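Please look over the structure below before reading the briefing that follows.

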Amino acid sequence: MAKNSTRNRLSQEVNAGSMADIAFLLLIFFLVTTTIDIDKGITVKLPPWSEEPPDPKKLKTRNVFSVLVNANNELLVRGEPMDPVVLREKTKEFILNPKKMENLSESPTKAIISLKNDRGTKYETYLEVYNELKAAYNEIWEEKSQAKFGKPYEALTTPEKRDVRTGIPMIISEAEPTDFGEES
Amino acid sequence: MSKFSKKRGATAPAVSTASLPDIIFMLLFFFMVVTVMKDSTLKVDVIVPNATELQKLEKKSLVSYLYLGKPKDKYREIYGTSTRLQLNDKFASPDDIPLFLEQEKLSVPEQLHPFMTASMRVDKNVTMGVVADVKVALRKANQLKVNYSARPRGD
């Protein structure tokens, strides 16, 4: 009978003192393995692949904003060298054409941005240029959304966003890269 | 006055540590939930460029990663120093991309296939030739939603 009572007493007292240590151990393991970096990037939609070369559509020269990046990471915009720093402003000016200039786009819906790079262009430069072009559109959308809805673009509902975007569609066409300066 | 003197006279009670395991467990569960295990070890050096117009990648399970960069030091003897593509844990060529994408699709329900994204983690010093080859392979495999991974510009 005495045995029985000791067994009872033992089962009643589970030592929970080491619980904290075990939890700490697990905690440290998860602390070490955790990576809290959120994956971010520039999202693009590629055109579907087709075997035939695209038919050279007749586009008015004034509606095309051609951006060329060569193997030395230099920019040629509409035939003239340009610093990437001013690319954003120039792109916005081209799309909106506030002064109704003869050589800039007829209307935002007709504006086409043509981007072409070399196989030797550095990825960093390419992404910088792409980023600036996208930023130009984002700024235009932001301005339009403020004017039309009085809200920042991010706060708009999906139909409102679509409304803003159909007025000023983002058309960035990428040509096959040239092959002049690729390192072997 | 008597109030204060009484308090000061009493011995300070020991701080109870009984709730310590609970607090630790709470932290533990927090980290368990936010943890993302690294799914593949990088064999190429990738430092992504900086950009400003960033978008978050929504669902991790819908993203397939393509790494482009120069092989790490220990692989240089075998694989050289020119830019290589890494898919999962292996070095690969752009020809392997369709098969890789099909394998990624197997783990995703069919109705979610249009939302799958290819995340390109490309080193900033890579030349566009290799990137263009990968892009053509992606287009041929009809994987048109692409995300160029980049870091926010800290200025």
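Phe24(A) lies in helix 2 of chain A, where helices (H or I, at least four residues) and strands (E, at least two) are DSSP runs numbered from the N terminus. The model is predicted, so local features need pLDDT of at least 70 and side-chain atom pairs count only at pLDDT 80 or more, whereas totals for chains, interfaces and linings use all residues. Residues are numbered from 1 along each chain as its sequence is written, chains are lettered from A and ligands numbered from 1 in the order in which they are written, and side-chain values use heavy atoms, with hydrogens and water left out.

*Phe24(A)*
- Phe24(A) counts as partly exposed because its relative accessibility is 36%, the class between buried (under 20% relative accessible area) and exposed (over 50%), with a 1.4 Å probe and protein chains only.

*Sheet of chain A*
- In chain A, five strands form an open sheet in the order 4-3-2-5-6, with mixed pairing; two strands pair if DSSP finds at least two bridges between them.
- Strand 4 (80–82) and strand 6 (172–174) of chain A stand at the edges, each with a single partner strand, so one side of each is left without a neighbour in the sheet.
- Strand 5 (residues 112–117) of chain A pairs with strand 6 of chain A in the parallel sense over three bridges, and Ser114(A) stands opposite Ser173(A) in strand 6 of chain A.

*Helix on the sheet*
- Helix 4 (residues 123–149) of chain A packs on the sheet, touching strand 2, strand 3, strand 5 and strand 6 of chain A, where contact means heavy atoms within 4.5 Å.

Terms used:
Axes are lines fitted to C-alpha atoms, for helices over the stretch in contact, and angles run from 0 to 180 degrees between N-to-C directions.
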